[in-house]
Each structure stands twice: as C-alpha cells, then as structure tokens.
Amino acid sequence: MANSSDLNIDYVANLARLALTPEEKEKFSQQLGNVLHHIAQLTKVDVTGIEPTTYPYPVHNIWAEDIACPGLNAEQALRNAPTQRKSMISVPKVVE
C-alpha cells in the first residue's frame, strides 16, 4: 500500500490535466491516500470459492411488448418545432 507521502500527486494531476495549487496537492494527496488505504482493506477479504461477477444480483432485461401503435401526424409532430419549412423541422446550418 502506498502512503500519501509515496504518491506522486504531480503525475496524477498531469494525467487528469489538472493544475493544482500546493494547498490542493496536499489536500488531494491525503484524500487519495485514504482511498488507497480503503482499497487495500479489500485485499484482506477472503473471497476463495466466490465466483467473479459484474453485478451482485442477476440482471434481466425487461422489454415491453413490441406492439405497433399509431404515430404522430405531421401537424402534431411539428406543433412544438421552433421553426419549420415544407412540413419539416428547420434547424440552423452547422457546417459551412
């Protein structure tokens, strides 16, 4: 386990593209050290015989029935469009 004094907070800040003040470096170094300490505690847990899983409970997709429903007509679909032209939603040009 790394102590907070062993952490290279400048390297971590560079990876995260952060410019830290000396006070922030000290504060975050301590916080990151605490996180690593808690992670090290997990290595003490006996997990022999426990199969690795992504979720602790089975995950099942619950899909709604695929039933065709009537859609919106053009007037209903365009009702809230800020601008429209020839029964279509008009948007600002984004590419010159």
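Q: Where does K86 lie?
A: K86 is found in the loop between β1 and β2. The model is a predicted one.

Q: What makes K86 buried or exposed?
A: Its relative accessible area is 72%. Exposed means over 50%, so K86 is exposed.

Q: Which phi does R17 have, and where is R17 found?
A: R17 is not a glycine, yet its phi is positive, at about 60 degrees. R17 sits in the loop between α1 and α2.

Q: How do you know whether R17 is buried or exposed?
A: Its relative accessibility is 70%. The cut-off for exposed is over 50%, and therefore R17 counts as exposed.

Q: What is the secondary structure of the protein?
A: There are three helices and two strands. Along the sequence they follow the pattern α-α-α-β-β.

Q: How do you know how the protein compares with a compact globule?
A: A compact globule of 96 residues would have a radius of gyration near 12 Å, whereas the protein has 27 Å. Along the principal axes, the C-alpha trace spans about 65 × 45 × 20 Å.

Q: How many of the 96 residues are buried?
A: Buried residues make up 8% of the 96 residues. To be counted, a residue must have under 20% relative accessible area.

Q: What is the accessible surface of the protein, and which part belongs to carbon and sulfur atoms?
A: The accessible surface comes to about 9500 Å². Carbon and sulfur atoms hold 57% of that surface.

Q: Why is the pair of K25 and D10 called a salt bridge?
A: The closest N and O atoms of K25 and D10 are 2.8 Å apart. The rule asks for a side-chain nitrogen of Lys or Arg within 4 Å of a carboxyl oxygen of Asp or Glu, so the pair of K25 and D10 qualifies as a salt bridge. By this rule the count for the model is one salt bridge. Side chains of opposite charge can pair when their charged atoms come close.

Q: Which parts does the pair of K25 and D10 tie together?
A: K25 lies in helix α2 and D10 in helix α1 (residues 9-15), so the pair ties together parts that are 15 residues apart in sequence.

Q: Why are K25 and D10 given the label they have for accessibility?
A: K25 has 28% relative accessibility, and D10 has 44%. Buried means under 20% and exposed over 50%, with partly exposed in between. Therefore K25 counts as partly exposed, and D10 counts as partly exposed.

Q: What makes the nonpolar surface patch, and what is its area?
A: The patch is made by L42, V45, V47 and I50, and its area is about 400 Å². One of these residues, L42, is in helix α2 (residues 22-42). Patch residues need over 30% relative accessible area, and L42 has 60% relative accessibility, so L42 also counts as exposed.

Q: How far is M88 from A74, C-alpha to C-alpha?
A: The C-alpha atoms of M88 and A74 are separated by 8.2 Å, and the two residues are 14 apart along the chain.

Q: Which residues does M88 touch, and where is M88?
A: M88 is in strand β2 (residues 88-89). Leaving aside residues up to four places away in sequence, M88 touches L78 and T83. A touch here means heavy atoms within 4.5 Å.

Q: Why is M88 called what it is for accessibility?
A: M88 has 44% relative accessibility, which lies between the 20% and 50% cut-offs, so M88 counts as partly exposed.

Q: Where is N80, and what makes N80 buried or exposed?
A: N80 is in the loop between α3 (74-78) and β1 (84-85). With a relative accessible area of 73%, against a cut-off of over 50%, N80 is exposed. The C-alpha atoms of N80 and G33 are separated by 52 Å, and these residues are 47 apart along the chain.

Terms used:
Residues are numbered from 1 along each chain as its sequence is written. This is a predicted model: local features need pLDDT of at least 70, side-chain atom pairs count only at pLDDT 80 or more; totals for chains, interfaces and linings use all residues. Side-chain values use heavy atoms; hydrogens and water are left out. Patches are made of residues with over 30% relative accessible area and no salt bridge: like charges are joined within 9 Å, nonpolar side chains (Val, Leu, Ile, Met, Phe, Trp, Tyr) within 5 Å. Accessible areas come from the Shrake-Rupley method with a 1.4 Å probe; for residues, only the protein chains shown count as cover. Helices (H or I, at least four residues) and strands (E, at least two) are DSSP runs, numbered from the N terminus. Buried means under 20% relative accessible area, exposed over 50%, partly exposed in between (1.4 Å probe, protein chains only). The radius of gyration is taken over C-alpha atoms; the globule rule is 2.2 Å times the number of residues to the power 0.38.
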